[in-house]
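Hi there,

Here is the structure I promised to pass on. Have a look at it first, and my notes follow below.

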Amino acid sequence: MIKEKTNTTLTFDDFKTEVLNDYKIAITSRECSLLGRKEVLTGKAKFGIFGDGKEVPQLAMAKSFKNGDFRSGYYRDQTFMMAIGELTLQQFFAGLYGHTDISQEPMSAGRQMGGHFMTHSLNEDGSWKNLAQQKNSSADISPTAAQMPRMLGLAQASKIYREIPEITNKENFSIDGNEISWGTIGNASTSEGLFFETINAAGVLQVPMVLSVWDDEYGISVHAKHQTTKESISDILKGYQREGDSNGIEILKVKGWDYPGLIETYEKAANLAREKHIPVLIHVYQLTQPQGHSSSGSHERYKDSTRLAWEKDFDCVRQMKLWMIAINIASPEELDEIDANAKKEVHEAKVAAWNAFIEPIVEEKKELVLLLEKIAPTSSNKDKILKITSDLNKIKTPLKKEILVSARTVLRLIAHESNKTELSAWITSYTDKTQQKFSSNLFSESGSNVFTAKEILPEYPKEAKEDTDGRMILRDNFDALFTKYPEALIFGEDAGNIGDVNQGLVGLQEKYGELRVADVGIREATIIGQGIGMALRGLRPIAEIQYLDYLLYAIQIMSDDLATLQYRTAGKQKAPLIIRTRGHRLEGIWHSGSPMGMIINAIRGIHVLVPRNMTKAAGFYNALLECDEPALVVECLNGYRLKEKMPLNYGEFKTPIGVVETLKQGADITLVSYGSTLRLVEQAAKELLKETGIDCEIIDIQSLLPLDVNHDIVKSIAKTNRLLIIDEDLPGGASAYILQQIIEEQDAYKYLDSKPQTLTAKAHRPAYGTDGDYFSKPSIEDIFEKVYAMMNEVNPSKYPALY
């Protein structure tokens, strides 16, 4: 292929220049890996995982990578990032040192270890850059194969942009759907279920995806014979090979040290994916890993002498060098000079990166030392303070932690002295400034975050009656949203043809087409991955997980990828995916779980909304589509056929996020709940008032994340002086979180006259039998008796014990 280019489009000198430039990138990347390992072993860097041995195939991949394309890779793609011009040598080392300045370390601002790469999709105000005019990399994550589901969605976005012309502003994200999603994965990670789930989905969907499997025969120390049937991923995937007009994937295989063969293979793959939207897997084999898996071990422990000798001979950079000499592109002396210059440039970049990292911290140390030296003479603990100051001053390369530990230790020594004010102010200022470098951007900080969506109430006709199924409220609201937002789409199991299992989408596929209201297979992880990838490219996907329990199949992708995205990119990427599911109050072990405590603690970074009816749910969808953050909406499974009023302003009314609603005023006790359980709470409160005179105040929290941002619950407790939280999660689950927020965040303990309590489901899941729900989750009688018992403690004569 290269010879063909030479004859048709390039002079030999042009060809030579291009190849020599590729070699320079390869050898420079190799030097980064070698010197990077030394930085770890000398203690400057904590850990290193490098791309040595994978340089040449990454050069070939970069040649076919165009503006608008996206990479979804893993932590060995440094050469590729250098080749597309998105990683400088100094940035490489800044990542190794964990520099918290995004201008110095643009891959994560020190929030991920080196080797995790991204490009910036957002402007400073959180608005989109023109992604079609730049080369893009979605932010890497460490969990093996977890980049696969997102890669599917990045590819599907091209299909959507190509086949739905009505989408506005798509020129910022796509040029006729010609963009490819380029994935990379190590051969050992192809053993993960996420890999197979994604490959199958790509073959079904027929999306422009090119996946490179870097095969060096090992997964850490474990040989391929223990990882992969037949020791070859391309062999075992032959059943996925497309044939004739069938769907499937194209499978290509190429040696990782064959520079011209690699370029030809990647050009072929790119043409198939870009023009025909055919997914391609490239099995790049006979690769090496010269320094072993990472800086934490040595591969000499698990590779025999024969393998080590082969790896030395067939190192891809060495083979490229031999090939260049053989076809007279360069002499050995010319290549030696390139090698020497690369070594010098890498060393200079390392020094510059280290100085940029350490010098500001040294200045902070000096600032504190001067302050402590000022404080010490007038303190009764002068000698101790001077000792702490001297020890700190001797540290040539201090950590921020060491600076702050010294300051806080001295503050304790002068706690009773009048000279503590300046040090106390310094510590507060330093902590506030530094903490942000480690804690910002868990949620959106842009002008489109969820708190910008203000409440708009549903409008109803005069004499409106509660005579409409909740499912129809949802259906008609989605209809309005799909008209209002051409970039919005929904997909999930049974979501398309039958309009979802509860008929909340009935008739919408016929109206909006199979791409915008789509059925998918039973594969929850890649349903979420589709949503993440499409949201990363400016679409507004709604990914439907049929039941709350099935969310467990997808929780890893939600937790490790979606929930951390804004945080791990320091606000430089976003994926405002809406995840729709339904749950609560169904019978049986597998379809009745309400694992909200697990969910909210696994997916911090995603909002968790728990509407009590379908009008509230619709209001959440309306609000979220105006915002730029991901959210999970849990609809009440037993509410689809309950009657509600039909609003007039579909698509416009909004349920505020993070705001509670008081459903009933009361004077004796505050009852806090959400979702389906609220109906039981309301009924129990009616019976309590009628039969005992106990007057309950009922609060619907509406959203678990965020929870009661206006601190309205504590206002209720200040009036009633008692608190009971009711939900159907397990003991210590969501109710414990709610209680912690109310007692600690809202300081409600100051107003309590009784012990705050929770009423939850039993520690087991309900049995399938008809009575399983009653004996496993809070019932009306349970709520009645729990409230009554709390009031018995207050006034036993008025409320004599029931038992």
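How much space lies in the second largest pocket? About 570 Å³; please keep in mind throughout that this is a predicted model. The lining of this pocket counts 24 residues, and Arg612, Asn613, Thr615, Lys616 and Glu644 lie nearest its centre. By class, the lining has 11 charged, 8 nonpolar and 5 polar residues. At least two lining residues come from each of helix H22 (614-624), strand E16 (643-644), E17 and helix H23 (677-692). Domain 3 (466-645) and domain 4 (663-794) each give at least three residues to the lining of the second largest pocket.

Strand E17 also belongs to an open sheet of 5 strands, in the order E17-E19-E18-E21-E22 and with mixed pairing. E17 (661-664) and E22 (757-759) are the edge strands with a single partner each, so one side of each has no neighbour in the sheet. On average, neighbouring strands here are turned by 25° against each other, direction ignored. Within the sheet, E18 (residues 669-673) and E21 (residues 723-726) pair in the parallel sense over 3 bridges, and Val672 stands opposite Ile725 in E21. Helix H25 (residues 734-745) lies across E18, E21 and E22, and runs at about 150° to E21.

Then there is the largest pocket, with a volume of about 920 Å³. It is lined by 36 residues, and Tyr97, Gly98, Thr100, Phe357 and Phe438 are the closest to its centre. Its lining divides into 16 nonpolar, 12 polar and 8 charged residues.

Best wishes

Conventions: Residues are numbered from 1 along each chain as its sequence is written. This is a predicted model: local features need pLDDT of at least 70, side-chain atom pairs count only at pLDDT 80 or more; totals for chains, interfaces and linings use all residues. Side-chain values use heavy atoms; hydrogens and water are left out. Two strands pair if DSSP finds at least two bridges between them. Helices (H or I, at least four residues) and strands (E, at least two) are DSSP runs, numbered from the N terminus. Axes are lines fitted to C-alpha atoms, for helices over the stretch in contact, and angles run from 0 to 180 degrees between N-to-C directions. Contact means heavy atoms within 4.5 Å. On a 1 Å grid over the protein atoms alone, a cavity is a set of points where a 1.4 Å probe fits but cannot get out, and a pocket is an open set with protein on both sides within 12 Å along at least five of seven lines; lining residues have an atom within 4 Å of a point. Grid points are joined across faces, edges and corners, and a volume is the space filled by probe spheres set on the points. Ala, Val, Leu, Ile, Met, Phe, Trp, Tyr, Cys and Pro count as nonpolar, Asp, Glu, Lys and Arg as charged, and the others, Gly among them, as polar. Domain bounds come from an automatic or database domain assignment.
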